[in-house]
Amino acid sequence: MLDACVLANHPVTDLLLRLVEGPRLFSPRWTDEILSETQRALVQDLGWPAELAERRHRELRRHFPEAWVEGYDPLMERARNDPKDRHVLAAAIRADCGVIATFNLADFPAEHLEPWGVEAQHPCDLLIHLLHMDPVAVVSKIDEIAADRRVTQVSELRTLNRHVPAFTRLVAERLELDLDP
């Protein structure tokens, strides 16, 4: 389950969603509510034009129709994590997701997730896990993003380093790259 704070982080989301394209390293899940929160954050907090945020929402629906989770409302009253994020846990339970990827770990205390077999994971930890699963795929997707943006691999890693530093350090070590300017 990808939380809105992760989906609003474009560099991290771009890499995560490319890792779904193939080889498929995980299956992303989200809800209309999560996507609405994401859209609000993109426009209100990050200054995206509303049309661009709406286009992104449409593209996610078009490219990942299987990601949507519905029918989780009855589980919200049983969730005990932060009230504003109970919908995320309820959706994760409904979709049988073992992991909620979120930058807001404090909103998902382990004692509230464990009874459901769910764990909250920082996107950095998720990316590290995916790197261990298939380092070639992860590095090739980073290279693909760099090529699409017409920047170097090091430049793309520096961008990711602002959000997921432990992950980028591991990638840089594997590739014997120096990320210092």
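**Pockets, nonpolar cores and aromatic pairs**

The largest pocket has a volume of about 460 Å³ in this predicted model. Its lining is made up of 15 residues, and H10, D14, L17, E59 and L60 are the ones nearest the pocket centre. Two elements, helix 2 (10-21) and helix 4 (50-63), each give two or more residues to this lining. Sorted by class, the lining of the largest pocket holds seven charged, five nonpolar and three polar residues.

The second largest pocket contains about 160 Å³ of space. Its lining consists of M1, L2, L25, F26, S27, C97, V99, A101, L126, H129 and L130. Strand 1 (99-101) and helix 8 (123-133) are the elements that give two or more residues to this lining, and helix 8 gives the most, with three residues. Nine of the lining residues of the second largest pocket are nonpolar and two are polar, with no charged residue present. By contrast, seven charged residues are found in the lining of the largest pocket.

In soluble globular proteins, nonpolar side chains tend to be buried together. In the present model, the largest nonpolar core comprises 56 residues. Those with the most contacts inside this core are M1, L16, W30, L127, L130 and F167. M1 and L130 also belong to the lining of the second largest pocket. When residues up to four places away in sequence are left out, F167 touches L15, C124, L127, I128, L131, V138, I142 and L160. Another core, of five residues, lies apart from the largest one and includes A8, A41, L42 and A53.

Two aromatic pairs were counted in the model. In the pair of W30 and F64, the ring centres are 5.9 Å apart and the planes stand at 80°, so the arrangement is edge-to-face. This pair links distant parts of the chain, 34 residues apart: W30 is in the loop between helix 2 and helix 3 (32-45), and F64 is in the loop between helix 4 and helix 5 (73-76). W30 and F64 are both buried.

The pair formed by W30 and W68 is also edge-to-face, with 5.6 Å from centre to centre and 90° between the planes. Because W30 lies in the loop between helix 2 and helix 3 and W68 in the loop between helix 4 and helix 5, the pair ties together parts that are 38 residues apart in sequence. W68, like W30, is buried. Through these ring pairs, W30, F64 and W68 are linked into a cluster.

Key: Residues are numbered from 1 along each chain as its sequence is written. This is a predicted model: local features need pLDDT of at least 70, side-chain atom pairs count only at pLDDT 80 or more; totals for chains, interfaces and linings use all residues. Side-chain values use heavy atoms; hydrogens and water are left out. A nonpolar core is a set of buried Ala, Val, Leu, Ile, Met, Phe, Trp, Tyr and Cys residues joined through side-chain atoms within 4.5 Å. Buried means under 20% relative accessible area, exposed over 50%, partly exposed in between (1.4 Å probe, protein chains only). Contact means heavy atoms within 4.5 Å. On a 1 Å grid over the protein atoms alone, a cavity is a set of points where a 1.4 Å probe fits but cannot get out, and a pocket is an open set with protein on both sides within 12 Å along at least five of seven lines; lining residues have an atom within 4 Å of a point. Grid points are joined across faces, edges and corners, and a volume is the space filled by probe spheres set on the points. Helices (H or I, at least four residues) and strands (E, at least two) are DSSP runs, numbered from the N terminus. Ala, Val, Leu, Ile, Met, Phe, Trp, Tyr, Cys and Pro count as nonpolar, Asp, Glu, Lys and Arg as charged, and the others, Gly among them, as polar. Rings of Phe, Tyr and Trp (its six-membered ring) pair if their centres lie within 6.5 Å; planes under 30 degrees apart count as stacked, over 60 as edge-to-face and the rest as tilted.
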